[in-house]
Each structure stands twice: as C-alpha cells, then as structure tokens.
Amino acid sequence: MVDYNSTTALVVVDVQNDFADPAGSLSVSRAGRILPRVNVQVERAADAGALVAYTQDWHPESTPHFAKDGGIWPVHCVAGTWGAELHPDLVVKGPIVRKGSNGEDGYSGFTMRDPTSGEERPTELEGLVRDHGVSRVVVCGLATDYCVNATALDAQRLGFETQVLVSAIASVDLQPGDGERALDEMAAAGVEVTSG
C-alpha cells in the first residue's frame, strides 16, 4: 500500500471521457474498472495532505497528433468538448494541468513535444509539484502504454522518486503486450511499479 504524506504528489493522468467512457473516441478497455481504484487513491492522498494533480488532454480541432492531420490517433479530447471533460465519476481534489492545447503531442504530464520540430517544452506540472515541496510522485490513470508511461518516465528523469500503481492504470494495447512492455520500460528506468 502506498503511503502518502505532504511530500508526495498523486498525479492522475487523463481520466477523461474519450478514454474512460465506452462511448469515447479512444476508449480504453478496463478503464471503468480502474476508476473506483483511482478514487480510493485520491481520497487517501488528500486525507494525508498530499498534492493531488490531474492531467487533461486539451487538443485543438486540428493537430498533427490526429490521423486526419497526418498523425496516428483518432480525434480525441478536443478542447471544450464532452470527450475532453474529466470523467464525471472521477473525484477531483486538486489542480488540473492541460496539455496539447497548441497541437503538441502531450503524452507526458510534465512535457509536451512539437510534432513537427520535435522541440519539447514543459507544462506547469513540474513547477506545481516543486512549489509543494514534493519529492515523490505517484502516477495512476490512463493509459499505461502512453501517457502514464511518459509521465512516470519524466517524473523519474526530473529527479522525483516515482511509483506507478498497476491496480489503477489500464493500457490501450494497440499492439498486444504494449502495456506490459511499458511497465518493463518504467521499471528499467527506476520507477517503482507497485500494486498500490
């Protein structure tokens, strides 16, 4: 079981309608199963005085991230739409960091990448957690093989002790086994992969 305290941040990644609802344009199987587990972690973290922060894809209508504009993904999480909203069953007890709003690839909660130039730029998440005196980041949400993976790897790279809660994540698995490979990649980078 993860111990939360005031030097911990729980980062809840992209629990949005397009990913977490079966009617979403990029629905993740098993997302509904993890939602109650994510909420348990949110309550535990908040009760212990930890920072709880949320990431939210917030794309424009056209972006090189989308297949219709040359990328690989169906249109999803367009700013201001139902699909971009946090799932209504998600317990929200902290700030929300939006990513990809200028068309960037916003996989990580900590950085965004220009899909044309490859230039990376930070989101406000790193400053937010550092301002709260955080030394440990716990990651849950969607999806294991993309945004959870990128967020955890960035947190580890930025010097935070990082944990990923396997019981509170789910993978897209575009290719069978992508989720397991992502967990292996995180573990190899020093991220603690725990059941939570």
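Mentor: Let us begin with burial: buried means under 20% relative accessible area, exposed over 50%, and partly exposed in between, with a 1.4 Å probe and protein chains only. This is a predicted model, in which local features need pLDDT of at least 70 and side-chain atom pairs count only at pLDDT 80 or more, while totals for chains, interfaces and linings use all residues. Residues are numbered from 1 along each chain as its sequence is written, and side-chain values use heavy atoms, with hydrogens and water left out.

Trainee: Which residues is Gln-41 in contact with, leaving aside its neighbours within four places in sequence?

Mentor: Contact means heavy atoms within 4.5 Å. On that basis Gln-41 is in contact with Tyr-4, Leu-10, Leu-165 and Gly-196.

Trainee: What joins E1 to strand E6 and to strand E2?

Mentor: Two strands pair if DSSP finds at least two bridges between them. E1 has 6 bridges to E6 (residues 136–142), running parallel, and 5 bridges to E2 (residues 51–57), also parallel. Both pairs therefore meet the requirement of at least two bridges. Thr-8 stands opposite Arg-136 in E6, and Leu-10 opposite Val-52 in E2.

Trainee: What is the strand order of the open sheet?

Mentor: Its 6 strands follow the order E3-E2-E1-E6-E7-E8, with parallel pairing. Strands E3 (96–99) and E8 (192–194) are called edge strands because each pairs on one side only.

Trainee: What makes helix H4 mostly covered?

Mentor: In H4 (residues 144–157), 10 of the 14 residues are buried, among them Thr-144, Cys-147 and Ala-155. The buried residues of H4 pack against E1, E3, strand E4 (111–113), E6, E7 and helix H5 (178–188).

Trainee: How do you know that Thr-63 is buried?

Mentor: Thr-63, in the loop between E2 and E3, has a relative accessible area of 2%; this is under 20%, so Thr-63 is buried. Not counting residues up to four places away in sequence, Thr-63 touches Asp-69 and Gly-103.

Trainee: What is called a cavity?

Mentor: On a 1 Å grid over the protein atoms alone, a cavity is a set of points where a 1.4 Å probe fits but cannot get out; lining residues have an atom within 4 Å of a point. The structure holds 1 cavity of 30 Å³ or more, and the largest cavity contains about 130 Å³ of space. A volume is the space filled by probe spheres set on the points, which are joined across faces, edges and corners.

Trainee: Which residues lie nearest the centre of the largest cavity?

Mentor: Of its 13 lining residues, Phe-19, Leu-26, Trp-73, Tyr-146 and Cys-147 lie nearest the centre.

Technical notes
1 Å grid on protein atoms, 1.4 Å probe; cavity = no way out; pocket = protein on both sides within 12 Å on 5 of 7 lines; lining within 4 Å. Helix = DSSP H or I, 4+ residues; strand = E, 2+ residues; numbered from the N terminus.
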